[in-house]
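Please look at the following model with attention to where individual side chains sit and what surrounds them.

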Amino acid sequence: MLAALAYNIGPGAVNKSSVLKKLKRGDRNIFKAYTSHCHYKGKWHSGLHKRRLTELAVLYVP
C-alpha cells in the first residue's frame, strides 16, 4: 500500500506523510490520513478519492 502511495505522490512525500508516521507508531487507524491524499493542483479530486478507497480495500490488512 505504501508503494502504491509512493508511486502516486512520490517517495519523498510518503516519508513525510502522517500515514507512515502512524504505521511506525503501531497505529493501524490510517483511513483518514490515507484518504487525505486526494488533491490535484491544490484541489480535492473525487477520482483520486475513489482510487484511495479502492487501494485501502484491496491492499490494507488491518
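Is Ser17 buried or exposed? In this predicted model, Ser17 has a relative accessible area of 4%, and it is therefore buried, since that value lies under the 20% limit used for the term. Ser17 lies in the loop that joins α2, residues 11–16, to α3, residues 18–25.

| Residue | Location | Relative accessible area |
|---|---|---|
| Ser17 | loop between α2 and α3 | 4% |
| Val19 | helix α3 | 0% |
| Arg52 | helix α5 (residues 46–59) | 2% |

Val19, a residue of helix α3, is buried at 0%, and, when neighbours within four places in sequence are left aside, Val19 is in contact with Leu2, Leu5, Ile30, Ala33, Tyr34 and His37. The C-alpha atom of Val19 is separated by 14 Å from that of Asn8, although the two residues are 11 positions apart along the chain.

Arg52, which has its place in helix α5, also counts as buried, with a relative accessibility of 2%. With neighbours within four places in sequence again left aside, the residues in contact with Arg52 are Leu5, Asn8, Ile9, Tyr34, Thr35, His37 and Cys38.

Methods
Residues numbered from 1 in each chain as written. Predicted model: local features only at pLDDT ≥ 70, side-chain atom pairs only at ≥ 80, totals over all residues. Heavy atoms only, no water. Buried < 20%, exposed > 50% of the residue type's maximum accessible area, 1.4 Å probe, protein only. Contact = heavy atoms within 4.5 Å.
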